Amino acid sequence: MAQRITDELRAWIIQQAQAGCTPESVLQAMLKAGWQETVALTAMEEVMEAHVASLRAPVGTRPGERQGGVSHPEAGSNSRGTSPDTSRQVSHHGRSAGTPARPYIDLSGSPRAIDLGDRIVTVLVSMRQPRLVVLGNLLSEEECEALMRAAEPRLKRSRTVQTATGGEELNADRTSDGMFFRRGESPLIQRIEARLSRLVHWPVENGEGLQVLRYRPGAEYRPHYDYFDPRAPGTARITERGGQRVATLVMYLNEPERGGGTTFPDVGLEVMPQRGHAVFFAYDRPDPATRTLHGGAPVLEGEKWVATKWLREREFTP
Ligand SMILES: O=C(O)CCC(=O)C(=O)O
Ligand SMILES: [Fe+2]
């Protein structure tokens, strides 16, 4: 049964760090108190990440003073998972007190597959930093074909949102052709959007319209962040509707012969396109520390088609 963490545990982890305890000693204390190792590590990681983010807040709203040494955090009824009260489930993509809700895929209990009602999706790879999950079987062959067929007549050379001005531009870094479906524009789009919403626990209304990209041989999307650069002058205008982007789902609609992987240069990862598979990654703040730099490697042979869903903080009205 999954263990759950409480606000008391969160506060305790922060106190230990503030008292200068090493992560190893904090972990040992949690293990002694009956916490499972994977849960303890996830809890420590999430609590510290949220705490560090809160330090960016203005002086006066920061957490309190240094406190005592290592004591043992009470796992208590939590170790048996019987305390639903106000605690929240720990998952790779869950969140901690003080941080806003974010899209996440529930991997608590390390599932091999997730039942989304109309489809069972397989979990192929998961990573913590960046928060990333590679999924199989998210879209059927027929859905991939139908998306490509519906998109093709509407494809145009891709434009990129220009944070300098808030407008759009043709961009040498992005040599694909693209189009956007309107949210909910057809039964197919509605079905896929509803499925994605269940997968990432995020409202359909917070999603941008599904984008389809086609890369021909030589085409690529150079490494970039999907969030809007907070320092760029056009970002305020872009984020007026829906706030920042907070997560991305790239779905592979076909398979190029060679090349065209989605690369994550900060961690040396490349996800190869497999029809119906997808890569999800989340960035809880618009910061390179999320390690979500990514790109579409040049297609060497064949064509690559993907559908991208970008998720915003709030309801997005185009
Ligand atoms: O084509 C890819 O693999 C990545 C696409 C991408 O980064 C995007 O659509 O934002
Ligand atoms: Fe991207």
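**View 1. Strands β6 and β9 form an antiparallel pair.** Strands are DSSP runs of E with at least two residues, helices are runs of H or I with at least four residues, and both are numbered from the N terminus. Two strands pair if DSSP finds at least two bridges between them. Arg-157 has Asp-177 in β9 as its bridge partner. The model is predicted, so local features need pLDDT of at least 70 and side-chain atom pairs count only at pLDDT 80 or more, while totals for chains, interfaces and linings use all residues. Residues are numbered from 1 along each chain as its sequence is written, and chains are lettered from A and ligands numbered from 1 in the order in which they are written.

**View 2. Strand β10 pairs with β9 and with β19.** β10 spans residues 211-215 and runs antiparallel to β9 over 4 bridges. The pairing of β10 with β19 is also antiparallel, with 5 bridges. Gln-211 stands opposite Phe-180, and its bridge partner in β19 is Thr-308. Of the 5 residues of β10, 4 are buried (20 or more other C-beta atoms within 10 Å of the residue's own, with C-beta atoms placed from the backbone; exposed means 12 or fewer, partly exposed in between).

**View 3. The shell around ligand 1.** Ligand 1 is surrounded by Leu-213, Tyr-221, Asp-226, Thr-248, Val-250, Thr-262, His-294, Gly-296, Val-306 and Thr-308, where a residue is near if its C-beta atom, placed from the backbone, lies within 6 Å. Two or more of these residues come from each of β12 (245-252), β17 (294-296) and β19 (304-312). The shell holds 4 nonpolar, 5 polar and 1 charged residues (nonpolar: Ala, Val, Leu, Ile, Met, Phe, Trp, Tyr, Cys and Pro; charged: Asp, Glu, Lys and Arg; polar: the others, Gly among them).

**View 4. Buried and exposed residues of helix α2.** Within α2 (residues 23-32), Val-26, Ala-29 and Met-30 are buried. They lie on the same side of α2 because they cover an arc of only 100° around the axis, taken from the directions from the helix axis to the C-beta atoms. Exposed Glu-24 and Lys-32 sit on the face turned away from the buried side.
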